[in-house]
Amino acid sequence: MTDQATAETRGFQTEARKLLQLMINSLYSNREIFLRELISNASDAIDRLRFESLKDESLIADDPEFRIVVEFDKDADTVAVVDNGIGMGRDEAVANLGTIAKSGTEEFFGALTGDEQKDSALIGQFGVGFYSSFIVAREVEVLTRRAGDEAGTRWTSTGEEEFTVEERAGLPRGTRVTLTLKDDAKEFAEGFRLRSVLRKYSDHVGVPVMMAKEDSDDDEKGELEAVNSAKALWTRPRNDVSEDEYKEFYKHVSHDFEDPLAWSHNKVEGKLEYTSLLYVPKRAPFDLWNREAPRGLKLYVQRVFIMDDAEAFLPLYLRFVRGVLDSSDLPLNVSRELLQQDDRTRTIKNALTKRILDMLGKMDAEEYGAVWDEFGLVLKEGVGEDFANKEELLGLMRFASTHDSGPAQRTSLRDYMVRMNGHAEAAQSEDDTEGSEETSDEAGEAAKGQDKIYYLIADSDAAARSSPHLEAFRARGIEVLLLTDRIDEWWMSFADEFDGVKFQDVARGELDLDDVKPADAKDDAEKSDDEPLLKRIGDVLGDKIESVRASKRLTDSPACLVLGEHDLGVQMRRIMEATGQAAPDSKPHFEVNLGHPLVERLGDEPDEDRFGDLVSILFDQASLAEGNGVAEPGAYVQRVNKLLVDLLR
């Protein structure tokens with residue numbers, strides 16, 4: 001490495017170079033966004049210095065009045081954004097301006113489509129900040145000195161392959177970003193144009209954004225004036241804040257290019273005093289599934305910025321929420337460690353969690369459907385992690401269902417219970433009024449006597465809908481919820497009941513539907529179990545199964561596999577294997593449909609070898625119907641081929 005006193009040229013990180021080129025091409029129609037991003041960065045730098053100065057006042061002794069200044073020079077075609085915030089040292093400049101230190105980079109580039117409009121939205125999800133400068137600039141110069149340091153740093157680049165960094169003496173505290181504009185971006189060297197953009201994007205910034213007065217030809221000669229109101233938006237009454245202002249402030253705190261889906265602004269007074277402004281994004285960030293990624297709210301104490309990602313105020317399953325929390329009851333020197341142990345923190349966390357869940361619960365179906373599509377999997381984590389709010393979270397869950405024809409997850413548990421109770425009432429009315437008819441979708445007549453919420457876990461919607469476990473439910477007109485997400489078995493293990501009604505996995509344990517009969521069911525006694533046949537089948541399958549029993553689940557299929565009441569399902573086994581844990585051994589129960597022609601014919605088979613082959617084929621087919629493979633594919637194929645040869649003779 002060269003001596004720090006000399007200039008040094010370095011190459012951009014590969015991801016940064018890709019992102020620069022993508023932005024230049026994809027965000028051409030939204031070029032003014034660069035100014036919002038630079039002002040936001042300057043505001044953050046001032047917030048950080050204000051916090052640092054609480055511990056060391058000497059850091060701001062030379063310039064205690066915080067401000068952001070936007071300068072322009074029409075003759076030189078330049079625009080500069082200057083702040084007197086925390087600044088950067090040489091190593092920080094290299095790290096912050098030459099690389100992208102953010103998780104999700106690989107996923108980001110994998111999601112790009114080549115469609116400018118769609119890619120623009122993806123860039124917003126990823127967050128770009130300083131890099132947006134190159135949308136309008138053919139060259140960018142950064143002059144910066146960290147508070148408390150003597151030497152400063154100069155960073156320059158044209159946004160192509162390389163950047164240059166060198167030591168620079170005599171710089172004021174803070175950062176100056178100077179853009180030399182491209183020929184087609186010279187409009188931004190006009191005072192009127194800059195003011196209109198600043199008023200649009202930066203009125204909510206809590207420090208003055210200054211420009212030369214409007215009667216000046218350029219800002220180097222005139223007296224400065226504030227362009228924005230310089231009052232933190234969250235401190236203003238809700239009635240004084242417009243919808244557009246809320247949207248722009250969201251983009252300021254999140255660096256998202258898209259508008260938020262919803263927000264909640266509240267001031268709490270009493271035993272604890274705090275103000276919160278919480279946002280639900282329109283799209284999930286790329287690092288949503290990294291549970292270790294920075295998350296949380298921007299924390300202010302008495303309007304003094306404390307930290308960017310205060311995770312202590314929201315549970316992990318609400319990590320997608322963005323916003324600001326300003327408390328009057330926390331100490332100014334609060335640390336992350338102190339927050340974790342503080343009773344006031346826990347009280348605020350509980351209140352904010354309930355507020356967010358309430359906000360989600362009050363959305364209309366279309367709006368909440370968009371939330372569910374983006375964040376449903378994360379909300380499911382809450383059922384297993386937040387016992388205090390489990391009932392509210394269950395009310396927010398959405399499912400695919402046999403009531404609907406497609407895989408969309410739009411059925412709520414309350415929808416299910418309304419239909420369930422409606423079926424029961426309709427069936428009761430049918431008992432009272434002879435000759436009336438009631439139909440349900442998915443075949444079968446209205447169910448009566450239903451006292452459980454039935455669900456089925458499968459690998460896909462197609463596998464769920466073709467599962468033999470649904471046959472008895474279709475025949476009785478009973479709706480079944482279809483769960484196909486990878487964490488469904490895990491979180492459902494914590495969901496024992498909803499609104500007093502218990503859940504029942506239709507593929508687990510012994511199924512008793514005797515009290516839930518089709519409307520045309522007869523009172524004839526069920527066909528008695530064929531004990532000799534069940535024993536013969538059990539002898540063939542041996543230790544592959546826990547037991548053989550006559551099925552009450554099946555109407556069309558000859559056989560199925562059933563989990564024990566407390567056995568792990570396929571999803572949980574996969575999760576344990578993926579994390580290096582050994583799953584406990586378990587064997588399925590093999591249920592056969594004694595009324596199926598294949599099973600009836602099986603009982604008459606005298607040849608024990610042929611009987612064994614047929615039983616093994618039925619067992620393997622039942623495994624395939626569950627979405628699992630067969631233990632011995634070659635043996636299965638040989639048995640099927642042998643059977644086909646016998647049939648063709």
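A search of the whole structure turns up 55 salt bridges, a salt bridge being a side-chain nitrogen of Lys or Arg within 4 Å of a carboxyl oxygen of Asp or Glu. The model is predicted, so local features need pLDDT of at least 70 and side-chain atom pairs count only at pLDDT 80 or more, while totals for chains, interfaces and linings use all residues. Residues are numbered from 1 along each chain as its sequence is written, and side-chain values use heavy atoms, with hydrogens and water left out.

One of the salt bridges joins the side chains of arginine 193 and glutamate 32, at 3.3 Å from N to O. Arginine 193 sits in helix H6 (residues 191-201) and glutamate 32 in the loop between helix H1 (14-26) and helix H2 (33-55), so the pair ties together parts that are 161 residues apart in sequence. Helices (H or I, at least four residues) and strands (E, at least two) are DSSP runs, numbered from the N terminus.

H2 and H6 also pack together, at an angle of about 60° and with their axes 10 Å apart; axes are lines fitted to C-alpha atoms, for helices over the stretch in contact, and angles run from 0 to 180 degrees between N-to-C directions. The two helices are therefore oblique to each other (under 35 degrees counts as roughly parallel, over 145 as roughly antiparallel, 65 to 115 as roughly perpendicular and the rest as oblique). On the H2 side, Ile33, Leu35, Arg36 and Ile39 meet Leu194, Val197, Leu198 and Tyr201 of H6, where contact means heavy atoms within 4.5 Å. That contact has seven nonpolar, no polar and one charged residues; Ala, Val, Leu, Ile, Met, Phe, Trp, Tyr, Cys and Pro count as nonpolar, Asp, Glu, Lys and Arg as charged, and the others, Gly among them, as polar.

Further along, three strands make an open sheet with mixed pairing, in the order E20-E22-E21; two strands pair if DSSP finds at least two bridges between them. Strands E20 (547-550) and E21 (559-562) are the edges, each pairing on one side only. The twist averages 25° from one strand to the next. E21 and E22 (residues 589-592) run antiparallel and are joined by four bridges, and valine 562 has histidine 589 in E22 as its bridge partner. Helix H16 (residues 531-541) packs on the sheet, touching E20 and E22, and its direction makes about 150° with that of E20. Helix H19 (residues 608-625) lies across E21 and E22, at about 60° to E21.
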